[in-house]
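Please read it alongside the sequence and the 3D structure.

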Amino acid sequence: MDAQSDNNAIDLVVDLDGTLIATDLLWESTFQLLKQNMFYLFLLPIWALRGKGYLKHQISLRVAIDPAILPYRGDFISYLREEHGKGRRLVLATGAARRFAESIAAHLGVFDAVHATDENHNLTSTLKTRFLLETFGDAKFAYAGNSKADIPVFNAASEAIVVAPDRAAAKWQQANSARLFEAPKPSWKAFFKMLRVHQWMKNTLIFVPAILNHELTDWPVLLNAVIAFLAFSAAASAIYILNDLFDLPLDRQHARKRNRAFASGVFSIPFGLKIAIGLLVLSGLLATQLHWTFAAVLVVYLIATTAYSLSLKRMLLIDVLTLAGLYTLRILAGSAANQIEGSFWLLAFSSFFFLSLALVKRYVELQNTSLVEKNRIAGRGYRQADREVVAQCGVASAFAAALVLALYVNSDAVVSLYSYPWLIWPLCPIVLYLNIRIWILAHRGEMHDDPVVFIISDWRSQVVIAIGAALLFYGGMRS
């Protein structure tokens, strides 16, 4: 291979998936297809039996890819534009479906020809190599790719450019001293962000039944609660990953979410699937260590949160009621883990309190959108005209939560559980302060789009919560 050949004298053939863009369109389009209708899951194997090209073609007929929001390899795109400006002929040759490849080529405007997969031919690896050799004949060509499947093409090309290589392509590049465009290596921080570790704080609700029942200091109870917490956290992270994979186009249109691991192409979709499956297996193994009712609650949680990701999040009001229910399920899981009888007061308070926080999320989304009045937020069932009604419902839910708490404090249950019931009364204004302050900040435009994350990071909220925890502790002390 003549690595010193004149670049302008030979065509540069460019791969798409993983090379031009930091994602795989087959995986992306499959998830978008399933998001449209999960029943396509039964058609996918039938299409695949007729060949991978036929599978890709059928998916492309039903899914639209927006080329403007895809995660392109910035430095490599700049190189291609520079080569195009010098008059070099650029060719896109990809295993992606033709409809997708042509729309991306039209968007970039640097390719002189496009060769892609059709329903009869899957243009990858050896088939791509044979096709390019037949197309160029005795003429030389350069090739840019990224994966093990591209190695046969590298070997056939007169010049190779390796972009963001996988392990096999990286070894080939080192052995052949080919030109390299490296991708930033994922950090542990990116990995933990993918898992949404900060969201595990929501699962501390599992400890609430044991705390309120004054049993958390019992070692077996604490151990069960910790196991339940870990099981829920693993399951939640798995669902967050799957949710990200279904929401890739929506996330890329969001100012903050477009930087998420899969939307930006930091991690591949197959990698995310492997991690998600591993987390679900771990969650199931942990659940077997507890009473079967905990596993039942966990299954309900998984079904509900999956339904939310696929469909319910787009339904007016159903979405926020589901979110509030998911928080309440965490409390039920804590009760099930230690077989603590569920409290009507606690469940009623939780429902109203977290409904208010869920409505804050929608209010902030409505506040930050620039859509015209009659259009809905992308992926939601709300319009700009709904903002004030959402705010009214949210504030009303905050006061309802405080009212439920006040009625509980005045009940016989508090007298039997707490030596100093009067110390519990300040919890009512504390709850109101937390919730109403969030709504005021949201109205000012100073609220994070997830109020739970805001509470975790806001020192004033932390101080108030610490005071409330101290009141609960001292109120329960025996004289």
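Does Arg89 count as buried, partly exposed or exposed, and at what relative accessibility? Arg89 counts as partly exposed because its relative accessibility is 34%; buried means under 20% relative accessible area, exposed over 50%, and partly exposed in between, with a 1.4 Å probe and protein chains only. This is a predicted model, in which local features need pLDDT of at least 70 and side-chain atom pairs count only at pLDDT 80 or more, while totals for chains, interfaces and linings use all residues. Residues are numbered from 1 along each chain as its sequence is written, and side-chain values use heavy atoms, with hydrogens and water left out.

- Strand E1 covers residues 11-14; helices (H or I, at least four residues) and strands (E, at least two) are DSSP runs numbered from the N terminus.
- In a regular strand the side chains alternate between the two faces of the sheet.
- In E1, Asp11 and Val13 point one way, Leu12 and Val14 point the other way, and all are buried.
- E1 runs parallel to strand E4 (residues 141-145), with four bridges between them; strands pair if DSSP finds at least two bridges between them.
- Asp11 is opposite Phe141 of E4.
- E1 also runs parallel to strand E2 (residues 90-97), joined by three bridges.
- Leu12 has Leu90 as its bridge partner in E2.

**Salt bridges**

- Side chains of opposite charge can pair when their charged atoms come close.
- The count is 17 salt bridges, each defined as a side-chain nitrogen of Lys or Arg within 4 Å of a carboxyl oxygen of Asp or Glu.
- One of them joins the side chains of Arg89 and Asp11 at 2.8 Å, N to O.
- Arg89 lies in the loop between helix H4 (74-85) and E2, and Asp11 in strand E1, so this pair ties together parts that are 78 residues apart in sequence.
- Asp11 counts as buried because its relative accessibility is 17%.
- Arg88 and Glu83 form a salt bridge through their side chains (3.1 Å, N to O), and both residues are buried.
- Arg88 also meets Glu159 in a salt bridge (3.7 Å, N to O).
- This pair links distant parts of the chain, with Glu159 in strand E5 (residues 159-163) and Arg88 in the loop between H4 and E2, 71 residues apart.

**Nonpolar surface patch**

- Met315, Leu316, Leu317, Ile318 and Leu321 make up a nonpolar patch on the surface, with about 430 Å² of accessible area together.
- Ile318 belongs to helix H15 (residues 318-337) and counts as partly exposed because its relative accessibility is 37%.
- Patch residues have over 30% relative accessible area and no salt bridge; like charges are joined within 9 Å, and nonpolar side chains (Val, Leu, Ile, Met, Phe, Trp, Tyr) within 5 Å.
- Accessible areas come from the Shrake-Rupley method with a 1.4 Å probe, and for residues only the protein chains shown count as cover.

- Asn122 is in the loop between strand E3 (113-117) and helix H6 (125-136).
- Leaving out residues up to four places away in sequence, Asn122 touches Lys52, Gly53, Lys56, Gly95, Thr117 and Leu127; contact means heavy atoms within 4.5 Å.
- Leu329 sits in helix H15 and, at 12% relative accessibility, counts as buried.
- With the sequence exclusion of up to four places, Leu329 touches Phe232, Val297, Val300 and Tyr301.
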